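Student: Please take a close look at one part of this model. Connect the pieces into one account, and give the cut-offs as you go.

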Amino acid sequence: MIDLRIARARIDELDVYWRAADYLGAAQLYLRGNALLREPLAPHHLKERPLGHWGTQPGLNAVYTHLNRLISETGAKIMLVVGPGHGAPAILANLYLEGTLALYEPRFAYGEAGLTHLVRSFSWPGGMPSHVTAMTPGAIHEGGELGYCLSHAYGAALDNPDLLVACIIGDGEAETGPLAASWFCNRFLDPRTSGAVLPILHVNGYKLSGPTVLGRMSDEEIGAYLTGLGYDPLIVHGEHLATLHVDLWSALDRGYARISEIQQRARTRNTVASPCWPVIVLRTEKGITGPAYVDGVPCAGSWHSHGLPFDDPASNAQHRTLLEAWLRSYRPDELFDERGFPNDLVLESLPRPELRMGRNRHTNGGTLLRPLVLPPLDRFAVDIEEHGRPALSATARLGDYLARVFQADASSHTFRLFCPDETTSNKLDAVFSQTDRAFLWPLEPGDEALSPDGRVIEVLSEHTCEGMLEGYILTGRHGLHACYEGFISIVDSMIHQHTKWLKMSRETAWRAPVASLNILLSSHVWRQDHNGFSHQGPGFINSLLTSKGTFIRIYLPPDANTLLCATEHCLQSHDLVNLIIAGKNEMPQWLDVAQARLHCARGASIWDWASTAVDDPEVILASSGDVPTMEALAAITLVRTHVPDLRVRFVNVVDLMTLPSSADHPHGMSDAHFAEIFGTQTPVIFAFHGYPRVLHELLYHRTNPQRFHVRGYEEEGTTTTPFDMVVRNHISRYHLFHELFRRVPRFSSRMPEFDGQLQGWIEQHHAYIVEHGVDVPAVTTWKWSD
């Protein structure tokens, strides 16, 4: 317990600072001038279109105030992750008061001019956005789309032993599935080698237009919930302003002491014994220091304070009077001197400049980023006996490579693999020769590849994996998210938010580039024949293409060596979202490592060895993806057998973003280069991994795009055989063979013959799989022959 006799003066300082932050937060919502209320409030002082949210601000400011006090007294290095990102005015107010905004933009300097610029620029064209963004110093998390703050916080704390991440979670956000799953992250945080996360669950009782679930739960119910998740809850009742500072002070001290005890015990004894990390539950009224009533309706302590208590003070005199009384209740004349500078009592609450949360170096992770040490790729390359041989698992070979990445990173601890629970299923399990799955407690006899210091995070929540990876890379490290293709769409929106963050970071001069977000999808649509329709879905490509093209790359390597080359490239890139899709099953291998490097560098190539006519082709057969490539090459063998005089050029595309125009994407081929590969008039049959519409969209600005005839996934699936999947979706070798002749005019008279041939092959296929349960030997024993 704190000694109130000693702490009373300090509490008065904290209350002054809190009032200053609340004042500036409220002022940003409404004012465009008269920032210090040196004259009566008039319409021309006000924004005609006020925007923003008030209700969460007093709670955010109280937490910021007391974290400053904790930092000042302990020297703790604290990063703040703010789940309620719509409370940006509160965070900007604190960044202004601590002088951090002025470091990046001199117009925010102390003084009446800087203060006026602050209040005017919020939610103003050309100013500061309505949420915490990449433009906000000290931030790695926006908080616009709710649910990810806690996984971001844990990702930031991993392998940062001196860092304490305070994470404010709104009680509305706590209702989301991603947030609920992320409580389990405490099972993966090794107190010996990582920092700590202090969750601060802000229960103000209401969300946008109604009560929160947690807000209606008793202390006992919330305590039981958090205790069951492995936390030590410290409940603060801040509904009463008279005790808020004392209780929050005490809870933060107890929480910090508990964290220090856990870390010291683990680091001195080199053991981890079921750490029970603290969590603070801060109960306050929503919008507690704002208007109690507006137009006779309760505001503070209700959902009516969530956004703006009123939105028309520029035109409504009654509301303007209420606004002025509200702002003057903070007594701004006591907070700022005649120049508009914060007075000494406000500034005394701040930590030393280098420890202020807006200046935490981990929040601009690119400044800490070091290149990942990668092993020589040639050591892992597949020796190609001849095209199509040997047959092996591409992801298994990648697992060998990633194991050596972990080995090379053993002293730096800057690389991690995140995966729902599929590392072994996706045949990446070679990594367990160098590291384990992270798991703290309880460990039981017979556990395989589990240890507190494991560098593979497996938790059956795509959101949690993605969030921890994002927090990890945004604080200056490297990583990879491996997932089943069919389920990555669970985090579609989350990854879109990350690309938006990257875009704003690129537009913010002081943000340094960070390592790319790398996603490996395996167990893909064409080899989910055993799991059935629910697992069959390549739609993440479609989703990713809606993001800003500058920040996305999509790779569809046809074999192991191209997968290795693509992965090496992605692990060295910055400020991108890289998507790699590769199968885990044994497949023919096509290119040696030198050819694979050249192919990946080009993005798309003519494969002379697979073509029947490189020059002057009658038709072009293109492929993208491992199974479509195998089917397309099998179609070539049918051509050689049945109609050897057909002139076919074979093209493979490994970098999907080479297909759009260079005006549409940085990787797009020039028109001249595109014409060299695909011609300008020649019909193109394209066997594609995903939905056909994807390619039609990418090729829209190319010459004569109507000549591209795309075969891909048509949303036809079930539990069946591997070859039946391609048959059902009309992308089989038989369908591609048939399509080649359909697009060449000189074969028009023979189409009834080819139609009958196709029908016969398909009927034979169906009859065989129904009787035997496996594919026909002609398919299972097929091999490419040069």
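Tutor: Start with helix α9, residues 241–269. Helix α9 lies across β2, β3, β4 and β5 and runs at about 170° to β5. Contact here means heavy atoms within 4.5 Å. Axes are lines fitted to C-alpha atoms, for helices over the stretch in contact; angles run from 0 to 180 degrees between N-to-C directions. Helices (H or I, at least four residues) and strands (E, at least two) are DSSP runs, numbered from the N terminus.

This is a predicted model: local features need pLDDT of at least 70, side-chain atom pairs count only at pLDDT 80 or more, and totals for chains, interfaces and linings use all residues. Residues are numbered from 1 along each chain as its sequence is written, and side-chain values use heavy atoms, leaving out hydrogens and water.

Now the sheet. It is open, has five strands in the order β1-β2-β3-β5-β4, and pairs in parallel. β1 (77–82) and β4 (231–237) are the edges; each has a single partner strand, so one side of each lacks a neighbour in the sheet. Neighbouring strands are turned by 20° against each other on average, direction ignored. Strands count as paired if DSSP finds at least two bridges between them.

Go along the pairs. β1 and β2 run parallel, joined by six bridges. In that stretch, Ile78 stands opposite Leu164 in β2. Next, seven bridges pair β2 with β3 in the parallel sense. There Gly170 faces His202 in β3 as its opposite residue. β3 (residues 196–203) then pairs with β5 (residues 277–283), again parallel, over four bridges. Leu201 has Val281 as its bridge partner in β5.

Eight of its eight residues are buried, so β2 is largely enclosed by the rest of the structure. Buried means under 20% relative accessible area (1.4 Å probe, protein chains only). In a regular strand, side chains alternate between the two faces of the sheet. Both faces of β2 are covered: Leu163, Val165, Cys167 and Ile169 are buried on one side, and Leu164, Ala166, Ile168 and Gly170 on the other.

Note on methods. Buried means under 20% relative accessible area, exposed over 50%, partly exposed in between (1.4 Å probe, protein chains only).
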